[in-house]
Each structure stands twice: as C-alpha cells, then as structure tokens.
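User: I am new to reading protein structures. Can you walk me through a few features?

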Amino acid sequence: MKFINTFDKHASEPEKTVDAYIREKKLELGEWVNQRRKVYLDTKFWLLLRDAHLNRAKEQSQYDLLRLIINAVSAGQLICPISEDVFQEVIKQTDEETLRATVELIDSLSAGVSLISHDERLEAELLYFLRSCTKPKERLYNRHHLVWTKLAYTSGMQIPHNDMFSEAENRLVQKAFIDQMWSLPLQEMINLIGSDRLLTFPHMPDFSHLMNEEKDSYHAEKADFKKIFLTELGFLLRREEARFESLFTYLFEKEHGYPPQPEEVRATNPGRSFANVVYNVFKLQKAGKNLPTIEIEAGIHAQLIHDKTRRYKANDIHDINHAIAALPYCDFFFTEKNLREFVVRKNLAYDIKYSCTVVSSLTDAVSEMNQIVSL
C-alpha cells in the first residue's frame with residue numbers, strides 16, 4: 001500500500017475541521033464526477049464484464065461492451081461508479097480468481113468512485129430538502145455534488161479517534177487518514193480485509209417471505225396502486241422517524257450552538273411531525289425530485305405488490321437498492337429485465353422523471369455505449 005503523507009499540509013491548517021475537510025473533498029470529487037457520464041452497472045453486468053475480462057464470455061456483446069466502456073473511461077467520457085450493494089454482492093464470490101478479476105474491473109472502470117451509502121444519501125437528501133425550505137446561514141450545496149465518495153468509503157465513512165490524543169492531534173490524524181483511504185484501490189482494501197474475513201462479512205437476510213405475506217394482505221383488500229404507494233410510504237416514514245428527529249436536533253444545534261432540551265424534543269415530536277409533512281407532500285404530488293431515495297423505495301415496493309404475478313425474491317432488496325442509487329444520480333442504469341420493466345412503467349416512469357436511461361439487454365447496452373463513444 002502506497003503511503004500518502006499529508007501531515008505537514010494539515011498541520012498548516014489546524015483550524016479546518018474534519019467535517020469541513022470531508023465536504024471539501026466531496027465537492028472536489030463531485031465536480032470531477034459530474035463532468036462525465038455515469039453508468040451504473042448492477043451486479044449482473046459487473047459479472048458479465050468480468051467474464052469478458054477473463055476471456056470466458058458466452059456472447060460477443062460482452063466483449064464489445066467491455067471494450068466500449070474501457071475506451072470511454074480512458075477518454076474521460078464516463079465512469080462506472082459502484083454502491084455499497086454492488087460491493088456487498090461482489091464479495092460473496094468464493095472463487096479468488098473471479099473475485100480478483102471483478103475487483104480489478106471495478107478499480108479501473110469506476111475510477112475509484114462510489115456513491116455514498118444508502119443511509120448517507122438519504123440523510124443528504126433530507127438535509128438538503130429541510131435547509132432548502134428555510135434560509136440557512138451556511139451555503140446550500142447541490143446534493144448531486146455531495147453524493148460521491150471513494151471506494152474505501154462505499155459502506156460509510158469511518159473516522160478514527162484516540163482518547164489519548166488531544167483534539168488538535170485527533171483532527172490532524174483524522175484528516176491525514178481520510179487522504180490515505182481516499183486513494184486506496186478496492187483491491188488493496190480487499191487484501192487488507194483478507195479472504196477469511198470476507199467470508200464472514202455480514203450479508204442482508206432474506207426477508208422475502210415476510211414481504212410476500214404483506215403483499216398477500218394487499219391483494220385481499222384489492223387496493224389500487226396509489227393506495228399501495230401511500231401505505232408503503234407511510235411504513236417507510238414511520239421506520240425513519242428516529243432519523244428525522246436526529247436531523248432536526250442537528251439543525252437546531254447548528255443554528256443555536258447548543259442542543260435542544262430532551263423535553264423540548266419530546267413535546268414537539270419532530271420525527272413524527274416531519275414524517276406527516278413528507279407523507280402529505282407526496283400525497284399532494286408536490287415532492288418533485290427532492291426525496292428520491294424515499295420515493296423510489298416506496299414506489300418500487302408498491303409496484304411489486306401491485307403486480308399480482310410477481311413474488312418477492314431473496315435478492316430483491318439489493319436490486320431495489322441498485323435502482324435507488326442509480327436512477328437519481330446516474331445517466332445510465334444497466335440492470336435486470338424485471339427491474340427495468342418496473343421502473344419504466346407508467347405508474348412510476350422513473351427513467352423519465354430522473355433522466356436516466358435504463359436498459360437490461362447486452363445489445364441495448366452496447367448501443368448506448370456506442371452513442372457515447374461517437375460523440
């Protein structure tokens with residue numbers, strides 16, 4: 001691992017906080033990323049390209065797609081960022097050769113870029129929505145510039161802290177640590193974790209049987225799509241009430257310089273109040289594109305429930321998370337046929353709403369990449 005020594009730089013800027021430095025890094029990265037087309041490959045497409053990379057592809061179109069993407073990345077025309085769900089699915093591979101080949105491709109085609117984790121994106125969208133409705137003292141940055149990070153932070157940002165160090169020393173070490181991790185390829189991160197630990201990495205449980213039970217209860221009531229969407233939205237918002245409350249507490253402290261008293265929080269119940277506001281914003285169809293993570297999650301679940309012929313499957317949560325990551329922030333989404341059919345249906349039409357081209361066939365993917373290369 002190459003050592004990135006930025007201690008002198010940060011020693012000369014002791015007043016810069018860690019939060020300010022992270023924001024600076026993300027804004028710089030976001031500006032670079034948004035000068036390129038973003039092509040989100042779900043795990044299926046990463047594995048198809050991996051097979052071409054290993055000269056094991058079953059179709060010529062796999063080789064064609066890999067060649068086109070490599071050329072476009074090299075020319076600075078596009079990147080293929082990953083998400084935490086791509087990472088979690090990729091590391092399930094137990095064959096070291098295919099795992100290494102997939103990770104090599106990710107390092108190359110992503111240019112080291114990932115979307116921030118699902119929870120971080122949700123909080124960024126909520127904060128942007130809340131602050132855009134007020135007159136914040138600080139500058140309001142475009143959330144499209146703040147949703148990008150580097151591969152080492154795909155599952156969230158971990159900042160070291162040592163109680164034996166002073167606040168100034170911790171700040172120095174933390175900023176230098178961020179620089180080190182910012183430059184770390186995924187392959188080196190995998191090597192640091194170790195193959196044995198990868199095998200024990202926690203994976204998402206299979207909740208499909210519970211979701212199918214919920215789906216069946218809707219069919220018993222013969223609910224229409226809009227009713228199902230609003231019910232799913234309500235479930236989702238109730239689940240996030242504690243997060244909403246913590247965001248209001250954070251904004252209060254930023255505004256006043258001290259946290260609210262617990263009795264004030266209990267009396268106002270900001271988590272529940274905000275959940276009700278968001279529910280009514282969607283009910284009145286006034287949300288626009290402001291809360292995509294909430295909307296897309298509720299919408300796809302509603303579509304899955306509304307489709308009487310479709311049952312939930314074990315991997316559906318990862319697939320839904322791919323859509324939540326890709327649609328609002330990428331220009332192209334290459335995914336499974338069933339998921340594509342859901343997100344482009346008239347009930348949702350998220351491809352149109354978020355200006356994201358969604359394809360599921362290799363032929364269509366090659367065609368889209370040919371158009372980019374010819375520009």
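Analyst: We will look at a sheet, then at some aromatic rings. Keep in mind that this model is predicted.

User: How do I read a sheet? What is the order of its strands?

Analyst: Strands of a sheet pair through backbone hydrogen bonds, either parallel or antiparallel. Here an open sheet of 4 strands runs in the order E2-E1-E5-E6, with parallel pairing. Strands E2 (78–79) and E6 (357–359) are the edges, each pairing on one side only.

User: How many bridges join E1 to E5?

Analyst: There are 3 bridges between E1 (residues 37–41) and E5 (residues 332–334). Leu-41 stands opposite Phe-334 in E5. Helix H3 (residues 43–53) packs on the sheet and touches E1, E5 and E6. The direction of H3 makes about 90° with that of E1.

User: How do I describe two aromatic rings?

Analyst: A pair of aromatic rings is described by the distance of the centres and the angle of the planes. The structure holds 10 aromatic pairs. One of them is Phe-45 with Phe-334, a tilted pair: 5.5 Å centre to centre, 50° between the planes. Phe-45 lies in helix H3 and Phe-334 in strand E5, so the pair ties together parts that are 289 residues apart in sequence.

User: Is Phe-45 buried or exposed?

Analyst: Phe-45 is buried, at 0% relative accessible area. Phe-334 is buried too, with a value of 0%.

User: Which residues form an aromatic cluster?

Analyst: Phe-129, Phe-244, Phe-248 and Phe-274 form one cluster.

User: Where does the charged end of Arg-36 sit?

Analyst: It sits over the ring of Trp-32, 3.8 Å from the ring's centre.

Terms used:
Residues numbered from 1 in each chain as written. Predicted model: local features only at pLDDT ≥ 70, side-chain atom pairs only at ≥ 80, totals over all residues. Heavy atoms only, no water. Pairing = 2+ DSSP bridges. Helix = DSSP H or I, 4+ residues; strand = E, 2+ residues; numbered from the N terminus. Contact = heavy atoms within 4.5 Å. Axes fitted to C-alpha atoms, helices over the stretch in contact; angles between N-to-C directions. Phe/Tyr/Trp six-rings, centres within 6.5 Å; stacked < 30°, edge-to-face > 60°. Buried < 20%, exposed > 50% of the residue type's maximum accessible area, 1.4 Å probe, protein only. Lys NZ or Arg CZ within 6 Å of the ring centre and 35° of its normal.
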